[in-house]
Amino acid sequence: MSDLTRRTAAQLVDALATGEVTSVELTQAHLDRIAAVDGTADAGIHAFLHVDAEGALAQAAASDERRAAGRVAHALDGVPIAVKDVLTTTGLPTTCGSKILEGWVPPYDATVVARVKAAGLPILGKTNMDEFAMGSSTEHSAYGPTRNPWDLDRIPGGSGGGSAAAVASFQAPLALGTDTGGSIRQPGAVTGTVGVKPTYGGVSRYGLVALANSLDQVGPVTRTVLDSALLHELVGGHDPLDSTSIDRPVGGLVEAARQGATGDLTGLKVGIISELAGDGWQPGVMTRFAESVALLEQAGAEVVEVSCPSFVHAMAAYYLILPAEASSNLAKFDAMRYGLRVLPEGVDAPSAEQVMRASRDVGFGDEVKRRIIIGTYALSSGYYDAYYGQAQKVRTLISRDFAAAYEKVDVLVSPTAPTTAFRLGEKLDDPLAMYLNDLATIPANLAGVPGISVPAGLADEDGLPVGFQVLAPALADDRVYRVGAALEALLEEKWGGALLTQAPELDGAAR
Amino acid sequence: MSTTELKTFEEALESFDPAMGLEVHVELSTLTKMFCGCPTEFGAEPNTQVCPTCLGLPGAMPAVNAKAVEAAIRIGLALNCEIAEWCRFARKNYFYPDMPKNFQTSQYDEPIAFEGYMDVTVPVEGGEDEIVRVAIERAHMEEDTGKSLHVGGATGRIHGADHSLVDYNRAGIPLIEIVTKPITGMGEKAPAVARAYVAQLRELIIALGVSDARMDQGSIRADVNLSLAPKGAGGLGTRSETKNVNSLRSVERAVRYEMQRHAALLSSGGSVLQETRHWHEDTGITTSGREKSDAEDYRYFPEPDLVPVAPSREWVEELRATLPENPTVKRARLQAEWGFSDLEMRDTVGAGAFGLVEQTIAAGATPTAARKWWLSELARRANEAGVEITALAVTPAEVAAVQGLVDAGTINDKMARQVFDGLLAGEGTPEEIVASRGLALVSDDGALGAAVDNAIAANPDVAQKIRDGKVAAAGALIGSVMKEMRGQADAGRVRELILEKLA
C-alpha cells in the first residue's frame, strides 16, 4: 500500500503545498488502492458503486495546473474525496442504492458537490449505501452490501457504510455522508473512523435525495477530527437553494479542532446521558466509553450525569416521522420522467397507473416498501394526530430535554452505538433489532443538534471498533470538534498511534 | 342525464334552496415560478421552462418566491382578510403524471389569508343593483401542476386516448386559491351572484396588478360547488364540484345547470353523488369526472423543505397602503364622473369592459365614445372570435386614437369599423390603416361643393323645404351627397355646406 493513502487529508494538504506530491499522484494512489481492495458485490470491501478514475484524474491534473499557476482554489484543492451516492453529481450516476434509479445521471450537482468541485477536490466515485439511506448496515443496498474493513464478514454500519468503509480502508482520505438518524456517526463508530452530523441547516441539503427532510443533514466522514473540520468548513454555510439552511457563515471548526488537540478541556462541563446505557448495551462498548470519559476528566473536564427522560420515546417518534416524510418523498419515483420503467406483464396497453405500480414494485426493496407503507398509514386521515402529530410532540419534548441538559453542561456524551459491528445477515430479518442500533444517534436528528463520533478503541470481547459520541447545542458545532479532537489526541497518545493502524491489512481482499 | 330529465330552473327553486361555494384559482403574473427561478411566460415550447425543482428531480428543493407571497397578502387584504402571522406550506399527496413530485406544495390548515369578505354588486333585472356580501373562507398559496395532453381520443380526454404528453412549463406557476364560505339564501339570484362574484373578483385581481386574469388562458379558473337543500329546511345538501368553468357566462350557466340537475335527482327520490364534474362549454352541461376527488385522502402534512412564512405586521401594513381603490367604490365614483346610467354601467361591467373603457377614457376618448366602441363593435367581435374582450388585439389607446380620427373629421363611424378590422388583422396603427386602406374622408370643399350642388339640383322640392326653414329635411340631401361620394365624406361638413348654400 502506498504511503500516500495512509496520510490524513491535513497531511496531504501540506504535501501538496510543499510540492512533495502532485494531486495526480495521490489521486492515482487512491485509485490503485480502490482497485486493490474494493472488489465487487461478491468480494472485497465494495465501498464504491461507481468509480470515476478518468474524471478524478482530470480534476487532479487541473488542480496541479492551478497550483503551478499559483491559483490554488482552497486548502483542500487536489485532495481526493468520495461522495455518498445519495448526493447528485453531474456526469456520475446517482442511484441512492436503489434499482429504481439505476443508471440515472443527474443534470445538476448538489450544492455540497458543487462546492467540493469548485474547491478542486477530485471526486473518486460514489459510495454504497442502504437503499434511500434506510438501514444501519448497508445490506439494504440493491447493489450488494459493503463489508467492514476490520472483518469482511461484518457490516460497516449504515446507511453510509460505503463512505465509512472507503475511508477506513484507505481508499479515500475524505468522504461525504448524510445522517438522518445516525447514518454518518454509526458507520463511523463501527469502522473506527470519524463522522460528524452538523447542526440541522448548517450544510445545504440541495441535491441530497431526501430520506426525511426534517432530519437529513450532510456531513464529513474522515479518519481524523481535524480532517472533518476542514471538510465541514468547505461544504457548510448558507445556500439560497435550501431555505432551511442557516443564514450565517460556518467557521471556527478547524480552529476548535486544533485547540482541542492540545488535550486541555479545563472548565468544560460534560454530561453523560443516563438513558443511553443499560440492558442491551455491549459490555465492551461500555468499558471503552467509561475509559474515554475518564480521559476527559483527566483533561480537566467536569463530568456529571444528566437525564433526558424523553429519549426513551425517540425511536418511536423517529419511526413515524421518517417514514411519513419518506413515503411522500419517494412518490416522485413513478417511472414517468426518469429512472426504472417496468411494463406490467400481460397487459396490452398499460395505463400510467399500471406502469407506476409495476415499476415501484420492482424498483423498491423490501425495507423501502415497509417504510412507505408505515408512512402512508401514519399520515392517513384519522391517524395523523395519533401518529404523526404525537411524534412531533415527542420531538418537542426531546428538544426540551436537550435544552434543559445544556443549561447544566456544555456537551453531552454517549456511546455512538450500543454494539460493535454485527455479522452480515444477522439482523436482516429482524428490522426492529436493526433499528435499535440507532438508539443513541436519533435524538440529535430529532432536535437538529450537532454530533460527532470518534473512535474509542476496540471492544475486548470481539476486537472491533467502538465509537464515542459528543453532542452539542445547535450552532455550537465547534464544541464537538474541540471535545472530539481532545479525546482523539489523548487516546492516540495512549495507543501510540491512530486506531486504524491496528486494522487488518487488506491486500488481496478484492479477490 | 340528458337535458330532458332536468327540472326547470323555476321547478328547482320551488322545492329547493341552493347553496354555492366558489373556488377561484388565480395564476400570478410573477416573473418566476412559486418555488424556483424558471420563467412563467405563457405559450412557450413545451418543457422549455423547467429546472430540477419544478420537474421534481431527486434532490431538488423548493424556495419560496417572495413576490408571490406579497401578491397573496395583497389579495388577502383586498378581500378584507386576516393575514396569518405565521403559516406553513403543506404537501397534498396524490399520484398523477402531470404532478412532478406526486404531491402538490400547497397550504392546508394554515392559509396565508382567512376570514374576509367581498361586497358584490349583483345586477337585478329591471331593478336597482343589489349588494351581496360574499364571505371569504381563505386565500392560500400553491403551485400549479403540469398540463396533460391526451392524444388519439375523440374528445381530448383520457378515455379513448392512445397516449398522453405532459408539458411541465406550467408546473410550479404560483397560484392563489380563493375559497368562499357557503353562499346561501340567494334563491333565484344564485347564478347571477356567482357570476358577479367571479367577475368582480377578476376585476379586483386586475386592479391589484397581480395577474392578467385571463379566463380564456386559464390564468383565472373557477370551480363551482353547488348543493340543494329542501326549501326552508336549512343545512347543506350533498355537493357537486364543477371544475374549470372558464368564462363568466359559464359560471352562471353551470350554477343554473347543476341546480336543475340536482333538483331532478332529488325530486325523483335519488341522491346527489359527491363528485367532480366537467363543464362542457359547447353543450352547456356537466358530466361526471374523476370519481374519487373528495373520497381521496391527500395525507396533508407540513412541507419540511420550507420554513414557515411569517410576514411582519409592518410589511402587511406597507402592502395595505399599496392597495388600489376598492372596485365597488371606484365604480360608483366613475359612473358619476362618466355620467353613465345604472344600465349602461351594468352593461359595461357585464361585458368585462370596465377596465378597457376606463383606460380608453384615460387615453382621451369621451365616456360615450369609449363605451360605444367597446360595447357595440368590439364586444361583438370578441363574441364572434370566441375570446374574452380583453383578449382582442385592440388596445384602449388605439380605440381612443380611432375616436380621435372621427372627431377630427378624418374618418366617419363606418370607416372606423374598417380601421378596427385593420387593427385586428395587425395592419399597423390606426393612422397607418387609414392611409393604407384609403379611408380618409373627402374634406376638399371643391369636390364636396360640386356634389352638394348636384344634390340640390336633383332635389328642388327638398331644397325649397330647407329654404323655408325645415332644416330637418337636409338629411335627404346629405344621403344623396354621401352616395355620390361613395361614403367618403364627412357628413357633418356636408350638412354645413347644404345649409350654407340654401340659407
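Predicted model: local features only at pLDDT ≥ 70, side-chain atom pairs only at ≥ 80, totals over all residues.

**First stop: a helix in chain B**

Select residues 327-338 of chain B, which make up helix H6.

**Zoom out to the domains of chain B**

Next, pick out the strands E4, E3 and E15 of chain B. They form an open sheet of 3 strands in the order E4-E3-E15, with antiparallel pairing. Strand E4 (103-106) and strand E15 (301-302) of chain B are at the edges with a single partner strand each, so each has one side without a neighbour in the sheet. In general, strands of a sheet pair through backbone hydrogen bonds, in either a parallel or an antiparallel sense.

For a closer look, show strand E3 (residues 90-93) of chain B together with E4(B): the two pair in the antiparallel sense over 4 bridges. To find one of these pairings, click on B:Ala90, whose bridge partner in E4(B) is B:Ser106.

**Over to where the chains meet**

Bring chain A into view. How many residues of chain B are in contact with chain A? There are 24, and they touch 33 residues of chain A. On the chain B side of this contact, the residues divide into 15 nonpolar, 4 polar and 5 charged.

**Last stop: the two domains of chain A**

Colour chain A in two pieces: domain 1 is made of 3-310 + 397-502, and domain 2 is 313-396. Their C-alpha centres lie 28 Å apart. The contact between them takes 31 residues from domain 1 of chain A and 28 residues from domain 2 of chain A.

Which elements give two or more residues to the domain 1 side? Select helix H14 (385-408), helix H15 (431-435) and helix H16 (442-447) of chain A. H14(A) gives the most to that side, with 4 residues. By class, the side of domain 1 of chain A that touches domain 2 has 18 nonpolar, 9 polar and 4 charged residues.

Conventions
Residues numbered from 1 in each chain as written. Chains lettered and ligands numbered in written order. Contact = placed C-beta atoms within 7 Å. Nonpolar A, V, L, I, M, F, W, Y, C, P; charged D, E, K, R; others polar. Expected span 1.5 Å × (residues − 1). Domains from an automatic or database assignment. Pairing = 2+ DSSP bridges.
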